Amino acid sequence: MGVEGGMKCVKVLLFFFNFIFWLCGLALIVVGIMVQVAMHKTLMIKDASASGAPIVVIGIGVVIFFIAFFGCCGAWKENYCMVTTFAILLSLVIIVEIGAAIAGYVFRNKLSTIVQDSLVDMIPKYNSSSEFQKTVDKLQEDLKCCGVNSTSDWKNFFPDKNSVPDSCCVNVTAKCGEGALSSPTKLHKEGCHDAMEAFLKKNIQWVIVAALIIAFLQLMGIVFACLLMRGIRSGYEVM
C-alpha cells in the first residue's frame with residue numbers, strides 16, 4: 001500500500017508539473033514575442049543573430065504545449081512508452097533551453113557592436129522615407145534619447161546646424177527641435193546607442209532568467225516521470 005500510495009502521489013505531481021509546463025510554455029511564447037517585436041519593430045536591428053535567442057524561446061514554448069499534453073496522457077493511461085518519451089523530449093528541451101540561455105548571454109556581450117551597426121544610418125537616412133522617419137522618431141521618444149551618441153550628432157543634418165528632430169525634445173511639441181541645440185535642457189541628453197543597449201540587456205536578462213527557471217522545473221518533472229516509469233514497470237497499481 002505504501003508503494004501504491006507513493007505512486008499515486010507521483011502521478012498527481014506529474015499532472016501538476018505538466019500544468020506548470022503549460023503555463024511556462026505560454027510565458028516563453030509571450031516573452032519571446034515581446035523581445036522579438038521590441039528588437040525589430042521599434043528598433044532597427046540589422047544583425048540576424050539578434051533574432052536567435054527569442055526565436056528559440058518561442059519555439060520551445062510551442063513545443064512545451066505538446067509535451068505537456070503528451071505527459072498528461074502518458075500519466076493518465078499509465079503508459080510506460082508515453083511517459084518515457086515524455087521524459088526524453090523534456091530532456092531535449094532542457095538542452096535547447098540551456099543553448100538559448102548561452103546564445104542570449106553571448107548576444108548580450110556583443111550588443112554594443114550590433115547596436116552601433118544598427119544605428120549607423122539613423123541620421124543620414126532620416127529623410128529617406130516617412131516610414132523610416134517615424135521609426136527614428138518613435139525610437140527617440142520611447143527611449144528618451146537623441147542622436148546615436150549625443151544630441152550633437154544632429155548638428156550637421158539641418159541647414160541651421162542648430163536643430164534636432166522634435167522627437168529629441170523632453171516635451172515634444174511642433175517645431176520644438178528648431179534651434180534647440182543652443183538650449184540643451186530642452187533635449188534628451190542620452191544617446192540612443194546607450195539607451196537601446198540598456199533596453200535590450202534588460203529584455204535579454206528576462207529571457208535568460210525565464211529559460212533557466214523553467215529548465216529547473218522541467219528537471220523536477222523528469223524526476224517524477226522517471227519515478228512513475230519505475231512504478232509502471234514494476235507493475236504496481238497507480239490508481
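Here is a short chat about the disulfides and the other cysteines.

Visitor: How many disulfides does a search of the whole structure find?
Guide: Keep in mind that this is a predicted model. A pair of cysteine sulfurs has to sit within 2.5 Å to count. C145 and C192 make it at 2.1 Å, C146 and C168 at 2.1 Å, and C169 and C176 at 2.3 Å. So, with that cut-off, the search turns up three.

Visitor: How far apart in sequence are the parts that C145 and C192 tie together?
Guide: C145 sits in the loop between helix 5 (130-143) and helix 6 (192-234). C192 is in helix 6, so the bond ties together parts separated in sequence by 47 residues.

Visitor: Which hand does the disulfide of C145 and C192 have?
Guide: Look at the torsion about the S-S bond, which is about 85 degrees. That value makes the C145 and C192 disulfide right-handed.

Visitor: Is C176 buried or exposed?
Guide: Buried means under 20% relative accessible area. C176 has 15% relative accessibility, so C176 is buried.

Visitor: And what does C226 count as?
Guide: The exposed label needs over 50%, and buried means under 20%. C81, at 53%, counts as exposed. C226 has 38% relative accessibility, so C226 counts as partly exposed.

Visitor: Numbering the bonded cysteines in sequence order, what is the pairing?
Guide: C145 is joined to C192, C146 to C168, and C169 to C176. Numbered in sequence order, that reads 1-6, 2-3, 4-5.

Definitions and conventions: Residues numbered from 1 in each chain as written. Predicted model: local features only at pLDDT ≥ 70, side-chain atom pairs only at ≥ 80, totals over all residues. Heavy atoms only, no water. Helix = DSSP H or I, 4+ residues; strand = E, 2+ residues; numbered from the N terminus. Buried < 20%, exposed > 50% of the residue type's maximum accessible area, 1.4 Å probe, protein only.
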